[in-house]
Amino acid sequence: MPAMPIRVLLTGSAGFIGQNVLRRFAGDARYSVWALDLRNTYTLPKHITDAANVTLCVGDAGTTTLIEDHLCDWVIHLAGSAGVRESDADPLAYIDNNVRVTTHLFEQARLHGVTRVVYASSSSAYGDGAPLPLVESDPNRPACSIYGMTKQMCETIAQYYYTRHGVKSVGLRFFTVYGPHGRPTMAVRRFAEAIRADTPIVIYGDGTQTRDFTCVSDIVSAILASLTGSSRLVKCDVFNVGAGDSCSVNELVELIKELLGRPDYDRITHQPRHAADVGATLACGKHIAKQLGFTPKTKLRSGVAQFLRWLDGDPAMGHL
Ligand SMILES: NC(=O)c1ccc[n+]([C@@H]2O[C@H](COP(=O)([O-])OP(=O)(O)OC[C@H]3O[C@@H](n4cnc5c(N)ncnc54)[C@H](O)[C@@H]3O)[C@@H](O)[C@H]2O)c1
C-alpha cells in the first residue's frame, strides 16, 4: 500500500514566496497541498496550479477551517502583510493580518493535531544596530517598524503555543528575498525593470545601506528542511535564512547594470532614507546549518542573472 500523502496547508500561496513553494510541491505525490490565499492571481504555469495534488482555495487564513476539514499534518504559514515602510501607515491592519491570523492558525494547529508549523518571520525582527552577522540568540531589540514588531509577536505566539500546548514550530527569519514571482515593488525587480526601460530609479538614502539578499530558491529549500528536520531537534525554534553575504544597494544597482549590459545607465535619484529601514542586515547561518542541515546555495550574481532571465520570460527559469 502506498503511504498516505502528507497533508499540507500552505497560506499565502499566491504571493511571491508562496508561489515558489507551491512549485516545489506541485506534482509530488508524497504531499497533498491546500493552497490558501485571499486572491487567485497566480502567475505560475497552469500545469502547476492544476496539479492533481494541489487544491487552490480562496479565503482568509484568519478564519480558515482547512486544518480541521482535511486534518492537515503540516502548516506553512506565509500569508500576511509584507512591507516594512507601508506598515507604519496602517498599524492595525498589520496587527490584524500578521498577529491575529497567526494566532488563529496556531490555535487550529493545537486543536487539530498539526505536527509542525513553519511560519515566516523576518530579519526585521532584529530591529537596528545589533552586531553583524545577526545571530538568533541575540536579545530582541525594539523593532524599527510595525511590521518588524508583528514578526516579533508571531515568534512570541509560537513560543507560547509550544510551552503551553506542545505545538512544534519553526520560525524562519527571511532576509531580503528576490527571485521569480517577486513583486514589482521589490528592489531587485524595480531596479531591473527601470534600467531595462531606461526610466529613473529611486534609492532611499545614499545607497550605502547593506542587505543580505537571498534567492527565493534557498528560501524554499529552508522551508522544506524545516518540515523534514528531525522531530527530536525541532521543538520551537527560530532560524535565520540568508545568503550570508552583504551587498549595498549601490552595489546591487551596479551588478544589475552590468548583467543587463547597461553600464552607461545613470538615471538614479535619491529620496530620504525611511526611519523604518535598518542600516545593515547579514545573517549568521550557523544555527540552521547545525540544526536543520540547511546552507544557502545561490550567490547573488548567479541568482540575479537567473532572475533577469525569468523577467525576460524564459520558461526554464520558473523553477529555480
Ligand atoms: N519577501 C521578503 O523579502 C520577505 C522577507 C522577510 C519575511 N517575509 C515574509 O514572508 C511571507 C511571504 O512574503 P511574500 O514576499 O511572499 O509576500 P506577498 O505579499 O508576496 O505574499 C503574501 C500573500 O499572502 C496573502 N494574504 C495576505 N493576508 C492573507 C490572509 N489573511 N489570508 C490569506 N492570504 C493572505 C496575500 O494575498 C499574498 O498573496 C510574509 O509573511 C512576509 O512578511 C518576506
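**Before you start**

The model is predicted, so local features need pLDDT of at least 70 and side-chain atom pairs count only at pLDDT 80 or more, while totals for chains, interfaces and linings use all residues. Residues are numbered from 1 along each chain as its sequence is written, and side-chain values use heavy atoms, with hydrogens and water left out.

**Stop 1: the ligand**

Select the ligand and the residues around it. The shell holds 27 residues, each with a heavy atom within 4 Å of the ligand. Asp37, Ala61, Asn97, Tyr147 and Arg183 come nearest. By class, 14 are nonpolar, 8 polar and 5 charged. Here Ala, Val, Leu, Ile, Met, Phe, Trp, Tyr, Cys and Pro count as nonpolar; Asp, Glu, Lys and Arg count as charged; the others, Gly among them, count as polar.

Now show the polar contacts, pairs of N or O atoms within 3.5 Å. Asp60 puts a polar side-chain atom 2.9 Å from a ligand nitrogen. Arg39 has a polar side-chain atom 3.0 Å from a ligand oxygen. Val177 uses a backbone N or O atom, 2.9 Å from a ligand oxygen. The protein covers 92% of the 830 Å² of accessible area that the ligand has on its own, by the Shrake-Rupley method with a 1.4 Å probe.

**Stop 2: the elements around it**

Switch to cartoon view. Helices (H or I, at least four residues) and strands (E, at least two) are DSSP runs, numbered from the N terminus. Colour H1 (16–25), H5 (91–111), S5 (116–122) and H6 (146–165): each supplies at least two shell residues. Which element gives the most to the shell? Strand S5 does, with 3 residues.

**Stop 3: Ser145**

Go to the loop between S5 and H6 and pick Ser145. Is Ser145 buried or exposed? Ser145 is buried, with a relative accessible area of 7%; buried means under 20%, exposed over 50%, partly exposed in between (1.4 Å probe, protein chains only). Its side chain reaches the backbone nitrogen of Gly148 at 2.9 Å. Leaving out residues up to four places away in sequence, Ser145 touches Val84, Ser87, Asp88 and Ala276, with contact meaning heavy atoms within 4.5 Å.

**Stop 4: the cysteines**

The structure holds 0 disulfides, a disulfide being a pair of cysteine sulfur atoms within 2.5 Å. Cys154 is buried at 2% relative accessibility, and Cys284 is buried at 12%.

How values were computed:
A polar contact is a pair of N or O atoms within 3.5 Å; within protein, one must be able to donate a hydrogen and the other to accept it, and residues adjacent in sequence count only if both atoms are side-chain atoms.
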